Amino acid sequence: VKTELAAFVAPLRPVPTTVFLVGGLMMCVHHYYGQGKFFRRVVAGAIGVAPGEVDYLACLYWPLTALVLYLAVPHLALRLSRRFDPEEGPVHLAGLGLGDWRFGLRVAALFYAVMVPILFVVVWNGDFQGKYPLCDEATQSLTRFVVYEAGFATYFIAWEYFFRGFLLFGLKRTFGHWTIWVQMLPFVVIHFPKPDLEAISSIAGGLALGWLALRTRSIWYGWFVHAATALTLECLVVAIEEVHDGGREGARGDR
């Protein structure tokens, strides 16, 4: 056992090992302790949230925990592990810089332009109208909706960093351009609670955003595409409901 264990551990390097272990751990922690359901079940009572505000604050809880678990902790772990891995070279921002901004802005605008007509089609799908907006309580007033959407946009900073920064750049030396495909797999899995069309399309989306981040050396252009697409979809669904004077009852999913 010692011989086999030594043979298994010997080729491991600090950076890719850290990325896989911390990445898996953060996804687990956020799923079980960073979602709105955990806030409702545990946190709200512990901090004395008024019953009428629990559901709305739960919608702001998961973006906040994502910033810690998908951005702060992984980035710190990546910087620390690079100090012990001479093969990885100096510590870098892992996509947090602007990179090739001229190319990034043009491609991000193109990607979003492609997505807008698609959104105008899928927004009439019952699955999407039954899922979005992710926070029903945010539609009670314009102020609540703006605050929630700002938090939602912030959530995508953490999400893009985790997949297109931490995983992509943390594993690039190990897998080369195949790291685009590696980060796509958990990205697809995390879409499983969404409508089937959205989950399936996340395969192409994950590859496209991975390529864009690697090409520009930055997560920000993918963040714009991802956040703008999601916020546009939510606004379209709310607009349709207002036109039809409709409304849905109850929270959706885990959030």
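Ala, Val, Leu, Ile, Met, Phe, Trp, Tyr, Cys and Pro count here as nonpolar, Asp, Glu, Lys and Arg as charged, and the others, Gly among them, as polar. The model is predicted, so local features need pLDDT of at least 70 and side-chain atom pairs count only at pLDDT 80 or more, while totals for chains, interfaces and linings use all residues. Residues are numbered from 1 along each chain as its sequence is written, and side-chain values use heavy atoms, with hydrogens and water left out.

By these classes, the lining of the largest pocket has 20 nonpolar, seven polar and two charged residues. A pocket is an open set of points on a 1 Å grid over the protein atoms alone, where a 1.4 Å probe fits, with protein on both sides within 12 Å along at least five of seven lines; lining residues have an atom within 4 Å of a point. The largest pocket holds about 700 Å³ of space, a volume being the space filled by probe spheres set on the points, which are joined across faces, edges and corners. Of its 29 lining residues, Met-115, Glu-198, Ser-201, Gly-205 and Thr-229 lie nearest the centre. Two or more lining residues come from each of α5 (101-122), α7, α10 (196-216) and α11 (220-243). Helices are DSSP runs (H or I, at least four residues), numbered from the N terminus. The largest share of the lining, nine residues, belongs to α10.

The loop between α10 and α11 contains Arg-217. Its phi is near 60°, a positive value in a residue other than glycine. Arg-217 counts as partly exposed because its relative accessibility is 49%; buried means under 20% relative accessible area, exposed over 50%, and partly exposed in between (1.4 Å probe, protein chains only).

Helix α7 contains Glu-149, which counts as buried because its relative accessibility is 6%. Leaving aside neighbours within four places in sequence, Glu-149 is in contact (heavy atoms within 4.5 Å) with Leu-231 and Glu-234.

Helix α7 also meets α2: the buried residues of α2 pack against α4 (54-82), α7 (142-170) and α8 (172-175). Which residues of α2 are buried? They are Val-15, Pro-16, Thr-18, Val-19, Val-22, Gly-23, Met-26 and His-30. Seen down the axis of α2, they fall within an arc of 145°, so they line one face of the helix; the arc is that of the directions from the helix axis to the C-beta atoms. On the other side of α2, Leu-21 and Tyr-32 are exposed.
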